Amino acid sequence: MATRIQFENNCEIGVFSKLTNAYCLVAIGGSENFYSAFESELSDVIPVVKTSIGGTRIIGRLCVGNKNGLLLPHTTTDQELQHLRNCLPDQVVVQRIDERLSALGNCIACNDHVALTHPDLDKATEELIADVLGVEVFRQTIAGNILVGSYCAFTNRGGLVHPHTSIEDLDELSTLLQVPLVAGTVNRGSEVIAAGMTVNDWTAFCGSDTTATELSVIESVFKLREGQPAAIVDDMRKSLIDSYV
Amino acid sequence: MRLEKCWFCSSTVYPGHGIQFVRNDAKVFRFCRSKCHKNFKMKRNPRKVKWTKAYRCLHGKDMTQDSTFEFERKRNRPERYDRNVTEQTLKAIPLITKIRHERQKKHITNRQKQGKTKERERDAKELEQDIQMLPKKDVMLSTQKTKVVVKVSQQQTEENLMEET
């Protein structure tokens with residue numbers, strides 16, 4: 001179920017939050033609206049944690065994680081690291097990495113089984129990713145962009161990539177990740193998918209600028225619509241539509 | 001807030017002190033004061049500059065490997081907060097620093113002990129070879145007769161005395 005929200009009048013949700021199947025990280029905003037939007041949807045299922053990373057609010061782009069672990073840049077302070085370790089469940093391994101490319105959210109995109117990384121990432125970091133997150137790591141580019149973490153968002157059920165991705169690239173990525181992929185946009189044509197939205201296996205949060213078309217694409221590719229209504233729509237479509245234009 | 005180490009001299013940089021330099025390859029260099037910063041800008045190698053910790057550890061002047069250093073290592077995988085563990089850690093910290101300082105002092109005294117034994121050897125050799133250089137008065141002292149104590153049993157002497165009289 002996709003929800004449209006804003007962080008302090010900014011539609012880039014993926015920058016200020018990180019959503020996974022096991023936890024949700026939210027930036028500390030001036031008002032509690034952003035946090036309460038997440039809390040109302042998720043608080044009874046997974047922990048929603050308010051945090052900062054290195055004193056900044058752009059936590060979604062700095063960290064990367066899935067249900068097995070969370071990777072943080074070297075700029076994370078000891079207090080923030082301890083706060084995250086205390087708030088997150090024990091199965092989630094919290095690890096700080098020493099890596100030249102410190103915006104891990106822009107360099108790495110992952111779900112619970114596979115990760116795509118920036119081609120220039122260190123070998124040691126790659127091994128740490130495979131170890132902490134428990135994923136298979138692939139060095140890839142998306143539509144010629146090396147920042148794979150920003151230009152695609154994928155979960156265990158589907159993925160959305162940069163709109164200018166060619167069909168061959170799309171097929172290649174689809175076979176690598178083993179999930180259906182769609183090239184699309186978010187927030188009224190923004191190409192930076194992962195910065196504009198955040199998604200897990202059952203919910204998605206998008207910027208309030210996202211059009212209804214974009215939202216329906218997101219809901220269909222990530223399979224967020226409940227099973228039954230979709231089946232009903234499919235059945236009714238044959239009777240409702242008599243000719244395709 | 002974190003107490004960092006100066007890249008040049010390895011002393012602690014407290015908040016509000018020093019300069020941080022970030023190079024183009026994203027490596028951060030922290031300096032405790034302008035002395036270290038200026039030495040760095042002159043491209044001096046801290047391993048060759050006598051007053052730095054790097055030089056002293058490299059040349060064996062200061063203690064390098066010890067288990068007390070392991071306590072201060074930077075950890076990237078934190079543990080969940082436990083009040084008892086924190087309390088015991090806080091109690092242990094001054095003990096560990098005291099032990100580390102004692103060991104460092106011991107290392108330096110052991111290093112300087114070798115100098116003492118060498119000095120004694122040199123002195124003994126000098127006594128052996130150059131004894132004629134000393135004035136006569138001091139030489140006499142060495143050849144003086146030493147008192148020898150002889151133990152005499154009390155009973156025998158008393159008997160002798162009795163016999164004589």
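Which side chains meet in a salt bridge at 2.9 Å, N to O? Notes on this predicted model follow.

1. The pair is Asp66(B) and Arg103(B). A salt bridge here is a side-chain nitrogen of Lys or Arg within 4 Å of a carboxyl oxygen of Asp or Glu. Asp66(B) sits in the loop between helix H2 (53-58) and helix H3 (83-129) of chain B, and Arg103(B) in helix H3, so the contact ties together parts 37 residues apart in sequence. (Helices are DSSP runs of H or I, at least four residues, numbered from the N terminus.)

2. On accessibility, Asp66(B) is buried at 18%, while Arg103(B) is partly exposed at 34%. The cut-offs for relative accessible area: buried is under 20%, exposed over 50%, partly exposed in between, using a 1.4 Å probe and protein chains only.

3. Glu70(B) and Arg73(B) also pair up, at 3.3 Å from N to O. Glu70(B) is partly exposed at 45%, and Arg73(B) is partly exposed too, at 48%.

4. Lys105(B) is exposed at 52%; Glu102(B) is partly exposed at 45%.

5. The whole structure has 19 salt bridges over all chains.

6. Bookkeeping: residues are numbered from 1 along each chain as its sequence is written, and chains are lettered from A in the order written. Local features need pLDDT of at least 70 and side-chain atom pairs 80 or more, whereas totals for chains, interfaces and linings use all residues, and side-chain values use heavy atoms, without hydrogens or water.

Conventions: Helix = DSSP H or I, 4+ residues; strand = E, 2+ residues; numbered from the N terminus.
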